[in-house]
Amino acid sequence: MSRWFTKVVRRREIVGGLGLSALLALFPSLAIAAGPTIKAAKVGQKIVWRGYVYTVVKSKGKLVWKQGAKVAAATASASAKPSASASQSAAASPSATPSATPTQSPTPSSSPTPTATGDGIFVTNSSELKEGQVKIIEVNIAKNQYPSYAFSRLGGQLSAVSIVCTHAGCKVVAEKTELVCNCHMSVFSPIDGAAQAGPARLPLTRYVVTERDGKIYIKP
């Protein structure tokens, strides 16, 4: 009797699962409707919600969220590179007893900071930033200090802005000709840092950038 009852229950579970799969296949809009509650701003906008990537698509004249692949939980945006303070404290802690090799310290300090000129601090060669590009570049502004800035060359105009989102302090990334904060999907202009979409309202900090003799300089 118990075996017969178990078989009946399993058949109902299988039939129910197949029925649900068929329903979603025939009506994919049901899967789309279960998307994030954040308002879709534009086609192509992406967000990670409940462990899945959702992308904005156009369906029947409306912008809706479409569920994509499942992703692993994002680890904090902590940089793998040690912070400037940590690096300095590690380098500044000499051993209590005299070391047999006291000449090791000049090795890490031998990487010179690019000479600052009236144009600012050297960033990169002009050939590394072509027309139509937006790039995040680390700049060695001081010993063991490598902050990143967003550089762009669009419409013949060279610009540099901060990569720290003005909404919650996350770091923005370059996506084609835009700067996007993946934490809450704020979108910024790489030219003047203006907020264009999402919860952010204030613009990204803008910096003076100069190009001279085939080199790019910034004034942090």
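Reader: What makes strands E2 and E3 a pair?

Author: Two strands pair if DSSP finds at least two bridges between them. Strand E2 (residues 52-59) and strand E3 (residues 62-70) are joined by 7 bridges and run antiparallel, so by that rule they pair. Strands here are DSSP runs of at least two residues (E), helices are runs of at least four (H or I), and both are numbered from the N terminus. Within this pairing, Lys58 stands opposite Leu63 in E3. The two strands form a hairpin with 2 residues between them, and Lys60 in the turn has a positive phi of about 55°.

Reader: Where do these values come from?

Author: This is a predicted model, in which local features need pLDDT of at least 70 and side-chain atom pairs count only at pLDDT 80 or more, while totals for chains, interfaces and linings use all residues. Residues are numbered from 1 along each chain as its sequence is written, and side-chain values use heavy atoms, leaving out hydrogens and water.

Reader: How do you know whether Gln45 is buried or exposed?

Author: Buried means under 20% relative accessible area, exposed over 50%, and partly exposed in between (1.4 Å probe, protein chains only). Gln45 has 8% relative accessibility, so Gln45 counts as buried. Its place is in the loop between helix H2 (29-33) and strand E1 (46-49). Not counting residues up to four places away in sequence, Gln45 touches Lys39, Ala40, Tyr54, Thr55, Val56, Trp65 and Met185, where contact means heavy atoms within 4.5 Å.

Reader: Why is the pair of Tyr149 and Tyr207 called edge-to-face?

Author: Rings of Phe, Tyr and Trp (its six-membered ring) pair if their centres lie within 6.5 Å; planes under 30 degrees apart count as stacked, over 60 as edge-to-face and the rest as tilted. The centres of Tyr149 and Tyr207 are 5.1 Å apart and their planes are at 80°, so this pair is edge-to-face. It links distant parts of the chain, with Tyr149 in strand E6 (residues 148-154) and Tyr207 in strand E12 (residues 206-212), 58 residues apart. Tyr149 is buried because its relative accessible area is 6%, whereas Tyr207, at 22%, counts as partly exposed. Ring pairs link Tyr149, Phe151 and Tyr207 into a cluster.

Reader: How many aromatic pairs does the structure hold?

Author: The structure holds 3. One of them joins Phe122 and Tyr217, edge-to-face at 6.1 Å centre to centre and 75° between the planes.

Reader: What makes a group of residues a nonpolar core?

Author: A nonpolar core is a set of buried Ala, Val, Leu, Ile, Met, Phe, Trp, Tyr and Cys residues joined through side-chain atoms within 4.5 Å. In the largest one, of 13 residues, Cys165, Val172, Leu179, Phe188 and Leu204 touch the most other members. E6 and strand E9 (178-181) are the elements that give two or more residues to this core. Apart from it lies another core, of 12 residues, including Val123, Leu129, Phe151 and Ile218.
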